[in-house]
Amino acid sequence: MSGHWLAWFPRLALLVFLTPILVGLLGTWLPAFGWFPALGQHQFSTQPWLDLLAYPGFGTALQHSLVTGLGASILALVITFLILAAFYPSRAFQRLERLLAPILSVPHAAFAIGVGFLITPSGWLFRLSESLTGWPARPLNWLTYQDPWGISLMAVLTLKETPFLLFMALASLPALKVRQTLWLGTSLGYGRTRIWLLLIAPPLFKRLMLPFFAVIAYGLSVVDVALLAGPTAPPTLAVMVNRLFNAPDLLLRLPGAAGASLLLLVTLLCLALVWLLSRLSRLLLPWLLNGQRWSNSGLLRLAGGVSLALGLFTYLSALLTLVLWSFTGQWRFPAPWPTEWSLLAWQRGLGRMSEALWLTFSTGMVSALVALVLVLGALENEVRLRAQKPGFNSQRLLWLLYLPLLIPQLAFLFGVQVSLIWLGLDGRWWVLVWSHLIFVLPYCFLTLSGPYRAFDERYTWLGLSLSQSPWKTWWRVKLAMLWRPIGYSLATGFAVSVAQYLPTLFIGGGRFATITTEAVSLASGSDRRITAVYALMQQLLPLLVFLLALLLPAWRYRKHQELSHYQ
Amino acid sequence: MKRTLLTALTALALNPAFADLNWPQIEAEARGQTINFHAWGGSEVINDYLQWAADEVAERYGVSLRHVKVTNTGDVVSQVLAEKTAGRAEGGSVDLVWINGENFAAMKSNDLLFGPFTQVLPNYALVDTENKPTTLFDFTTAVDNMEAPWGMAQLVFMYDSALVETPPQSMTELLNFARNSPGAVTYPAPPSFYGTTFLKQAMLELADDPAPFYEEVAESDFESLTAPLWAFLDELHPLMWRQGRTFTSGAPEMKLLLNDGEISLSLSFNPNDASNAIAIGELPESVRTYVHEGGTIGNTHFVAIPYNSSQTEGAMVVANFLMSPEAQARKADVDVWGDPTVLAMDKLTQSQRALFEALPRGAATLSDAELGTVLREPHASWVAALERAWQERYAN
């Protein structure tokens with residue numbers, strides 16, 4: 001049965017997306033072991049690794065990466081569980097769910113810029129404090145941002161990753177029948193905390209494992225956010241590697257390649273460790289099953305509420321600071337608002353960004369649509385296989401699909417760049433789309449697979465028995481009931497494409513200017529006003545697509561309220 | 001004179017591409033070419049200026065100029081290097097790059113550049129190579145006509161006159177200044193070239209004899225030659241912004257901090273930077289420029305053509321246009337960009353000179369006399385050595 005046409009979807013997806021990564025990894029490993037013909041390096045050696053280890057600040061940089069990357073991921077996971085345990089399911093949560101889309105579409109770099117302006121000693125909070133209380137008269141010499149311990153970087157990453165984990169959890173929760181479990185637990189006298197800890201958290205974590213791994217990999221290897229919010233002397237390992245890749249001394253690219261490979265190694269080790277720990281946590285079960293009820297859930301609600309309030313406050317104020325700056329003429333400490341307003345930044349920005357906007361939009365849309373088709377095909381193939389072999393485990397093969405999210409971009413992009421040039425494929429638009437697809441596809445899969453797998457196939461059987469056409473049934477019954485998650489998946493894919501910075505840079509050789517590359521380039525300058533305009537536009541694009549994803553199904557289901565309940 | 005001519009002739013003879021080409025032919029070949037000009041894109045005034053230049057060369061020479069906005073010239077070197085790795089000897093993605101210093105030295109020594117070519121450009125004859133030696137020696141690396149001078153740079157400092165009465169006139173005074181107002185001083189972390197320049201400036205100022213810094217760095221006396229610098233920094237850091245435990249990424253970020261009132265002194269490589277920043281509202285009117293008594297480091301920034309560009313004619317036409325009196329005068333206007341010219345006023349015609357004489361003087365611009373002595377950049381090898389030693393001490 002492997003000849004069935006649907007079977008080609010997962011294969012195609014894997015082939016198309018794994019090839020560049022494997023080639024890219026190889027192209028990075030060769031220089032890491034001393035082979036770099038363009039620089040006259042033809043001898044294999046471990047010298048690049050020794051150079052990396054001896055590079056000043058290497059040890060601290062690695063430590064920074066581990067502390068901030070792992071720390072932020074674990075914090076984000078804990079906060080996600082806290083918020084869910086405290087409030088899910090509830091009316092308030094449905095409102096929060098709607099807020100998640102715009103929050104997810106906030107680009108990391110824009111968020112870091114916004115948070116920075118909020119909490120630095122000359123930032124908005126202190127400006128407001130000064131105008132209310134007269135203190136501080138001059139900006140304090142406090143380390144509230146870019147501190148050498150990585151606290152601010154960890155905070156920014158935590159705030160950025162929590163909504164993603166929440167979003168992924170919400171996709172899995174309906175299948176876990178939380179309401180019923182809570183009802184059952186409560187009737188036995190157990191408190192919310194206890195029920196969540198024992199009955200809901202373990203299966204939920206199992207479903208969240210992949211997104212959590214992606215969060216860890218991202219946290220360990222992120223460059224743009226670490227540049228804005230991280231320690232500076234030395235920076236994190238990812239920033240250090242990126243710097244080695246761009247150093248004027250071209251030979252530093254060899255230890256750079258070794259550093260990129262090390263980043264991959266460290267990431268894999270961390271993931272293995274987390275996996276091992278999650279296995280070991282089962283040993284705790286006897287200790288947990290001691291009959292205690294913990295019926296008081298006040299503390300849980302408090303912790304969940306505080307995290308939620310703090311997160312929402314930061315997102316809203318970060319957004320507000322960007323809006324304020326984009327309309328600013330001049331705004332100095334300690335004025336609570338801009339002292340001069342101006343439309344100049346918007347006029348300059350909008351006048352110049354149409355080309356970049358169009359490129360961002362078309363690349364995002366095309367890559368999200370292609371990803372969606374491939375994901376739908378692969379998922380439908382799963383349904384077919386499960387019907388044939390009831391014990392079929394779909395997870396194993398699809399782990400490969402998530403590889404791009406688990407491998408630091410820095411570890412293979414350099415190799416990809418060289419191979420593309422070698423094949424004469426660099427600088428072509430479809431190659432750019434392809435490179436985005438590598439990252440868009442897993443996210444589309446992450447967002448759609450839950451609801452798609454949870455679909456009750458009895459509807460399909462019913463449809464088949466009525467129409468006799470698999471196509472019609474799939475299109476008019478299954479898809480029709482899944483419009484909402486499909487729209488969400490498309491919007492997520494689009495947002496992921498918009499946010500791509502390094503791939504756009506590496507693939508295009510600078511010939512592709514998207515809103516994101518323009519925004520990052522402007523962020524290296526000294527004009528907060530124009531940076532704010534680009535950061536806002538970068539945010540607006542995915543937001544519009546998310547809105548469409550919300551409104552279109554609502555319109556589609558206006559006469560079929562029952563269908564819209566199906567998530 | 002004879003020697004220059006000889007060098008130029010040798011260069012021409014060595015480069016068969018030019019053997020049968022004259023300037024009108026190059027201009028004719030250039031028509032219709034699209035030039036990807038990779039240049040830092042972090043400044044809207046510079047982006048605006050390049051947009052103007054693009055409109056001009058399109059109209060005058062039929063060359064279409066695309067500004068590829070980069071964050072870091074190292075990215076561009078990486079791109080060309082990746083192309084060389086992959087064996088792409090023509091049709092490279094970079095046709096022109098804004099460059100100087102170590103990046104130029106790296107590209108030159110790794111054969112990543114096209115040229116020599118500037119001797120063919122008509123406007124190159126107007127460049128002030130006699131009084132601006134940095135147009136011939138880029139961080140002591142011989143330019144050898146491999147990059148076209150574009151603008152002059154000199155390390156200057158800025159202060160907010162509303163907060164500071166008299167700014168420090170030397171590194172020693174800077175230390176005193178920091179003692180009196182802790183937290184008000186900082187500098188960018190090397191390897192940002194702003195930070196490295198600050199180190200070089202301090203090193204030159206604090207040394208008894210700067211002569212050894214113009215020779216290639218030697219391991220034997222590096223420690224003893226740089227000892228005064230480290231002693232100075234050891235004292236300065238605890239008095240700095242954030243106690244020297246975190247640093248800025250470059251002059252643009254310091255400009256933001258100056259505007260925010262977090263620090264009271266900043267630095268720049270463009271003597272007109274403060275005036276321009278005031279004009280566009282990035283800094284308050286009270287900001288002024290100053291230099292240290294003993295002079296400050298100056299250099300030149302250039303444009304170069306990568307070895308694998310297939311649009312060299314168009315790239316040369318653009319480089320020539322960027323050196324033209326008209327383009328240089330517009331660039332020097334503080335309301336536009338304020339980047340000082342590389343041209344010699346006495347080589348210009350009356351009307352060309354008038355373009356420069358008509359320029360308004362910015363509020364925070366120093367006269368040539370006030371700018372004082374221009375110190376030459378130390379030998380290029382000091383850059384890497386200083387950066388590494390700094391990182392070992394303060395970023396380990």
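Helix axes here are lines fitted to C-alpha atoms over the stretch in contact, and the angles between them run from 0 to 180 degrees between N-to-C directions. Keep that in mind for the helix pairs on this tour of a predicted model.

**First stop: a helix pair in chain A**

Select residues 458-467 and 470-481 of chain A, which are helices α21 and α22. Their axes come within 9 Å and cross at roughly 140°. Angles over 145 degrees would count as roughly antiparallel, so α21(A) is oblique to α22(A). Turn the view to check the handedness: α21(A) passes α22(A) in a right-handed crossing.

Now show the side chains. On α21(A), pick A:Y459, A:T460, A:G463, A:L464 and A:S467. Facing them from α22(A) are A:P470, A:K472, A:T473, A:V477, A:K478 and A:M481. Coloured by class, this contact shows five nonpolar, four polar and two charged residues.

Next, centre on A:F333 and A:P334, which are joined by a cis peptide bond with omega about 0°. You will find A:P334 in the loop between β3 and β4 (340-341) of chain A.

**Fourth stop: where the chains meet**

Bring chain B into view. Here 52 residues of chain A are in contact with 55 residues of chain B. On the chain A side, select α11 (237-245), β3 (328-330), α19, α25 and α26, each of which supplies at least two residues. The chain A residues at this contact divide into 24 nonpolar, 17 polar and eleven charged. For the model as a whole, the scores are ipTM 0.90 and pTM 0.91.

Colour chain B by pLDDT. The mean for the chain is 92, and 95% of its residues reach 70 or more. Where is confidence lowest, and where is it highest? The lowest mean, 47, belongs to helix α1 (residues 2-14) of chain B, and the highest, 98, to helix α12 (residues 312-322) of chain B. Residues 1-14 of chain B have pLDDT below 50, and this stretch has six contacts in the model beyond near neighbours in sequence. Where pLDDT is low, the predicted coordinates should not be read in detail.

The crossing of α3(B) past α12(B) is left-handed.

At the contact, B:I26, B:E27, B:E29 and B:A30 of α3(B) meet B:E313, B:G314, B:M316 and B:V317 of α12(B). By class, that is four nonpolar, one polar and three charged residues.

Colour chain B by domain: 2-152 and 300-362 form domain 1, and 156-298 and 372-394 form domain 2. The domain centres, again over C-alpha atoms, are separated by 29 Å. Domain 1 brings 17 residues to the contact and domain 2 brings 16. On the domain 1 side, select helix α6 (residues 101-109) of chain B, which gives the largest share, three residues. The domain 1 side divides into seven nonpolar, seven polar and three charged residues.

**Last stop: two backbone details in chain B**

Centre on B:P190 and B:P191, where a cis peptide bond has omega of about 10°. B:P191 lies in the loop between α7 (171-180) and α8 (193-206) of chain B.

Then go to B:R242, in the loop between α9 (219-236) and α10 (251-260) of chain B. Its phi is near 55°, a positive value in a residue other than glycine.

Terms used. Residues are numbered from 1 along each chain as its sequence is written. Chains are lettered from A and ligands numbered from 1 in the order in which they are written. This is a predicted model: local features need pLDDT of at least 70, side-chain atom pairs count only at pLDDT 80 or more; totals for chains, interfaces and linings use all residues. Helices (H or I, at least four residues) and strands (E, at least two) are DSSP runs, numbered from the N terminus. Angles under 35 degrees count as roughly parallel, over 145 as roughly antiparallel, 65 to 115 as roughly perpendicular and the rest as oblique. A crossing is left-handed if the near helix is turned anticlockwise from the far one by less than a right angle, and right-handed if clockwise. Two residues are in contact if their C-beta atoms, placed from the backbone, lie within 7 Å. Ala, Val, Leu, Ile, Met, Phe, Trp, Tyr, Cys and Pro count as nonpolar, Asp, Glu, Lys and Arg as charged, and the others, Gly among them, as polar. pLDDT is the predictor's confidence in each residue, from 0 to 100. Domain bounds come from an automatic or database domain assignment.
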